[in-house]
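Please have the model open as you read.

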Amino acid sequence: MTHPTPTAPQSLLDVVKSCDNYRLTDSLEKVVPWLLSPSADSPAVGLLRPEIVAQLRTEAAASSAPSWDFHDDGAGQGWVSFARGINTPAARSRVMKELCERWRDRGLWPDEISPRKWRNELYAVYRNPFGARDFPGPDDEDARGDTLNYAFRMERAASGLFGIVTYGVHMTVFEELEGPGPLPSLNVWVPRRAATKQTWPGYLDNSVAGGIEAGLGVFDCVLKEAMEEASLAEDVVRKYARPTGTVSYFFRTPRGWLQPEVEYIYDLCLPPNSGVQPRPLDGEVESFELMPLAKAVEHMRAGLFKYNCAVVLIDLMVRKGIITPDNEPDYQEIVTRLHGRFDYDRWASR
C-alpha cells in the first residue's frame, strides 16, 4: 500500500502548528458566524465560509418556508442562523439531516460529503462548546425542551462545512520501562491507519482514537473504540486507563474547511509482562507496532503521523517531563497551543 512521504525533520513547534494552524484574525477569507437563532445575542455554533453562505442564500430564496435567516448590519458584519420557527433540538436536527443528505446526493462539496466520505455518524452541537456534555436521550430530542447545552446533532462528515466544534477521544497505550535516569523510557503501541480510511489513509495514529457520537459518554467512547480498533477488552481498559485532560486546537484543512476540535486524552500504561497486545479488529487499522518513543518522535517530526495524533503524543511527553522548559526552547508556545479556545469569544462578533 501507499504510505505518506516523509518530510524534512520538523521542530516540535512546527508539528503543533501543522495541527493548530488557523486564527480568525489572520484569515484572508471572510467567515460568517452561524447562530442558533436570529437574535444577535444567540450563541454561535459554527463558522461558515462564503460558498456555504451563498448556497444557503440560494436555497432560502427558492423556498416558501426557508430554514435560514440572514443578517447584515451594513458594516460588513453579519451572521446566518436557523429561521425563527426552527427553535427546538429536533427541528434543527431535521433541517440539518435533510440538507446534508440533499447536498451529498447532488454532489456538492464531494471532498467532504460524497458517498465515500459520508460517515453516517451524528455529532452533537452545543450552545457553549466548553460547557456541559448533556443530552436529552435517544428517543426524543425535545424531551427536555430547549433548556440543555445540547442544541442539535448533524452528520459528522459535514462538520467542516459548518465549522462546528467537534469532540473525540485519544488514548495512548504504552509500556513504561526502567531506565538509568530519572525520566521514564516508553514503548508506545502505534497503529497505522488502513488504506481504506476516508481520511488520512496510511498515516500513523494514536493507539485508540475516535469521534464521540451524539449521546455517547466520553469514557463509553473510549471503551467502544478500544475494542473496535484495538481489540482491547473492557476489563483491561477499565482497570488501566486514566483520564489526563484535553487537547484542543483549530485546524484548517488543505481545502480550507474549519475544524475546531477538542480531544479527551487518556493514558493506558500496561504493567510489565501483561500479555496485552492491541490488534486490529474493525478494518480501520492496518497493523500495530510496539515502538520506542524515540522512534515515534522521529516519525512524528517526519510528518508521518496524522496531524492531531502528533500533538497528543507531544502532550504525553510534556506530562511525563520528557519535554521541559530547559530542553525545548518553544516550550511555552507549544503548551499554550495544545489548549486553545478557537478564538471563540470572537465568533459572534465577526
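## A salt bridge across the chain

Arg255 and Asp111 form a salt bridge, with their closest N and O atoms 3.8 Å apart. Because Arg255 sits in the loop between β10 (241–252) and β11 (258–270) and Asp111 in helix α4, the pair ties together parts 144 residues apart in sequence. Arg255 is exposed at 59% relative accessibility, while Asp111 is buried at 19%.

## How to read the model

This is a predicted model, where local features need pLDDT of at least 70, side-chain atom pairs count only at pLDDT 80 or more, and totals for chains, interfaces and linings use all residues. Residues are numbered from 1 along each chain as its sequence is written, and side-chain values use heavy atoms, leaving out hydrogens and water.

A salt bridge here is a side-chain nitrogen of Lys or Arg within 4 Å of a carboxyl oxygen of Asp or Glu. Buried means under 20% relative accessible area, exposed over 50%, and partly exposed in between (1.4 Å probe, protein chains only). Helices (H or I, at least four residues) and strands (E, at least two) are DSSP runs, numbered from the N terminus.

## Another pair to visit

The structure holds 25 salt bridges. One of them joins Arg102 to Glu59, with the closest N and O atoms 2.8 Å apart. Arg102 belongs to helix α3 and Glu59 to helix α2 (residues 50–61), 43 residues apart.

## A backbone detail

Trp109 is not a glycine, yet has a positive phi of about 45 degrees. Trp109 is found in the loop between α3 (89–106) and α4 (110–113), and is buried at 13% relative accessible area.
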